[in-house]
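Open the structure in your viewer and keep the selection tool ready.

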Amino acid sequence: NMKKLLLAAVALSTTLFAFKSVAPTTWSADTSHSKLGFEITHMMISDVEGSFKNFQSTITSSKPDFSDAVVELTADVNSINTDNEKRDEHLKGEDFFDTAKYPKLTFKSTSVKKVSANKYKVAGNLTFHGVTKPIVLDATLRGITTNPMSKKPTAGFKVTGTIKRADFKFGTKYGNAMLGEEVTLNANTEF
């Protein structure tokens with residue numbers, strides 16, 4: 001009857017609207033206001049810092065709180081900068097990163113878990129020096145604002161994590177007394 005048909009139509013339209021998807025938004029790193037850095041202990045007494053000057057990164061998310069985000073990053077390993085040209089050339093060579101063979105570093109997230117209001121655990125695969133390994137990074141959303149120059153929404157993230165030299169097979173002929181086994185990753189990024 002007409003009443004049943006009308007109820008079925010209402011139920012169907014409610015179902016259709018309930019599953020309306022939100023188009024994912026892609027946020028791109030503003031590299032002029034971002035830094036992809038690292039730190040390693042030298043001779044057990046001091047930390048040497050560096051960064052990769054050329055990199056691109058995106059975050060794709062359909063949720064405003066980034067809880068369903070997919071993070072992708074590519075860096076040019078030849079753009080390494082430790083404020084010492086001789087050391088940078090050594091790092092690009094076969095003893096360390098062998099950039100002639102492995103010029104790119106890439107990361108792609110496999111999951112993003114929100115652990116508090118503005119903190120996330122970002123799991124993913126890091127490919128570096130010809131090795132791909134799963135890693136987990138800690139990310140903090142520092143806030144979202146409108147950039148007065150571009151008039152676009154801008155999100156700031158601080159990201160930290162550690163990797164082991166042995167896992168990625170670089171600098172293996174240098175023991176822990178010369179170079180720390182762990183490399184700390186730290187990035188401050190605007191998207």
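Select Thr 99. Thr 99 sits in the loop between α2 (85-92) and β7 (104-114). Helices (H or I, at least four residues) and strands (E, at least two) are DSSP runs, numbered from the N terminus. Thr 99 counts as buried because its relative accessibility is 8%; buried means under 20% relative accessible area, with a 1.4 Å probe and protein chains only. Now show its contacts, meaning heavy atoms within 4.5 Å. Leaving out residues up to four places away in sequence, Thr 99 touches Val 77, Asn 78 and Lys 92.

A note on the model: it is predicted, and local features need pLDDT of at least 70, side-chain atom pairs count only at pLDDT 80 or more, and totals for chains, interfaces and linings use all residues. Residues are numbered from 1 along each chain as its sequence is written, and side-chain values use heavy atoms, without hydrogens and water.

Next, select Gly 37, Phe 38, Phe 52, Val 183 and Leu 185. Of the 44 residues lining the largest pocket, these lie nearest its centre. A pocket is an open set of points on a 1 Å grid over the protein atoms alone, where a 1.4 Å probe fits, with protein on both sides within 12 Å along at least five of seven lines; lining residues have an atom within 4 Å of a point. Then select strand β11 (residues 179-190), which gives the most to this lining, with six residues.

Last stop: the second largest pocket. Its lining includes Trp 27, Asp 30, Lys 152 and Phe 191. Select β1, which gives the most to that lining, with four residues.

Technical notes
Buried means under 20% relative accessible area, exposed over 50%, partly exposed in between (1.4 Å probe, protein chains only).
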